[in-house]
Amino acid sequence: MPDLDQRLKRYLPCEYEPPRPDVEGRVTRLIGLTLEAVGLKVALGDYCLVFLQDNGSVEAEVVGFAGDRIYLMPLDSVDGLAPGAAVRPKVGASLVPVGFGLLGRVIDGIGRPLDGKGPLRPDDMVTLHGETINPLHRHPIEQTLDVGVRAINGLLTVGRGQRLGLFAGSGVGKSVLLGMMTRFTEAEITVVGLIGERGREVREFIDHSLGAEGMARSVVVAAPADDSPLMRLRAAQLTTRIAEYFRAQGKNVLLLMDSLTRYAQAQREIALAVGEPPATKGYPPSVFAKLPKLVERAGNGTTGGGSITAFYTVLTEGDDQQDPVADSARAILDGHFVLSRSLAEQGHYPALDIEASISRAMPQIVDPSQLNLALQFKRLYSRYQQNADLIAVGAYARGSDPETDRAVDMLPAIRAYLQQGMNEPMPIKRCMQELAMVMSPPPQAPNNMPQGQTLRRTP
């Protein structure tokens, strides 16, 4: 009997637990983009399966509730949905694929392949939301990151782990600039998020802007404009989550998201659909709460780990730099690059407005001599722009201001430095050498030269 008693005690941890009953709710109303369901006990952010008439199902996220009514936002189309359709909570957390097996692949906002290259081979399946890093444990921005663009490397130097905004209207070359940085950067891995853009631009960006060389070390997450707002929202989060995984592996990652404005607009659609009141120019308060949560996930990891250097494009409608999303992004980012429509119309590419752009980390990561050269360059360019109208109509008298005279003489070299072909990589060391050449004092004119003429040095 003692032996039997001991044997029975060993089975106590395996005591039979009765199965939990399946909980099933039903759809009571469809309002715009939102499903209303009853009979469920789920939490905000949980996922449910909504069953359609053709025996298919659509995944939906819980985005709000009122009393016993649950508001769901579907990820895909709900064609075939009928009144009273069954809704069941999804068992287990929603996981997304990450890992080196995703390099060279194009996926959607929930990790499904879009490129027709077969199933993914991820290294791991993780939850969509990464762990928050204590700000005191983050490694400071101390090293430069070569992005291969001369105007940025020399005048707006980027640091590893920096988060920057690319502010531009439509059609001024932001996608081309992103493609240049993807191909020319020294970052080990690039993660690209194409959020809410036109569907044709996805293929064009991959084939023309990214190219085979850039695609080989990149992961592209695409959620075109015709995807549901929740899919666009998840695509932005998945882009960041994949970059976080590579950072945890000690890699230096370049994250490019086009665009942060479409992410904000997707959140606006969801918030308005569940009844959140609009606040600033039609944007509910939750939009401005989600922006820093997404952006703060990028940056350096803990000391000795990897980094995520992030570029977020921000659409300025009508080239309005005071758009609420643009204004909020400028406050939470570590710098902003502005693309000028007037420069693009002149055929000046990349159309970077040096006067309106700034890299806040540059003073800490470059030598004082280079910082001084960059400030002199910007000062001369700004001085010419201030007097451009007078010079154009011949109202400026040479000799009135020595600095303006120098700006006029150096203008060809300045413009040549700021322009670059889309297939012309520029290493950061060469950019600094050319900046020093441009800013070197001009040689003295020979005595037999006509008055008012000087020799010009080409970079």
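Q: How much space lies in the largest pocket?
A: About 870 Å³. A pocket here is an open set of points on a 1 Å grid over the protein atoms alone, where a 1.4 Å probe fits, with protein on both sides within 12 Å along at least five of seven lines. The volume is the space filled by probe spheres set on the points, which are joined across faces, edges and corners. This is a predicted model, where local features need pLDDT of at least 70 and side-chain atom pairs count only at pLDDT 80 or more, while totals for chains, interfaces and linings use all residues. Residues are numbered from 1 along each chain as its sequence is written, and side-chain values use heavy atoms, with hydrogens and water left out.

Q: Where is Arg-241 found, and is it buried or exposed?
A: Arg-241 is found in H5. Its relative accessible area is 13%, so it is buried (under 20%; exposed is over 50% and partly exposed in between, with a 1.4 Å probe and protein chains only).

Q: What does Arg-241 touch?
A: Leaving out residues up to four places away in sequence, Arg-241 touches Val-96, Val-98, Val-126, Thr-127, Leu-128, His-129, Gly-130 and Arg-297. Contact means heavy atoms within 4.5 Å.

Q: What about the second largest pocket, what volume does it have?
A: About 430 Å³. It is lined by 21 residues, with Gly-171, Lys-174, Ser-175, Arg-198 and Glu-201 closest to its centre. Helices H3 (174-184) and H4 (199-215) are the elements that give two or more residues to this lining, and H4 gives the most, with six.

Q: New topic: which residues of H13 are buried?
A: Ile-428, Cys-431, Glu-434, Leu-435, Val-438 and Met-439. Seen down the axis of H13, they fall within an arc of 130°, so they line one face of the helix. That arc is of the directions from the helix axis to the C-beta atoms.

Q: What covers them?
A: The cover includes strand S10 (144-145) and helices H2 (150-155), H11 (368-392) and H12 (402-418).

Technical notes: Helix = DSSP H or I, 4+ residues; strand = E, 2+ residues; numbered from the N terminus. 1 Å grid on protein atoms, 1.4 Å probe; cavity = no way out; pocket = protein on both sides within 12 Å on 5 of 7 lines; lining within 4 Å.
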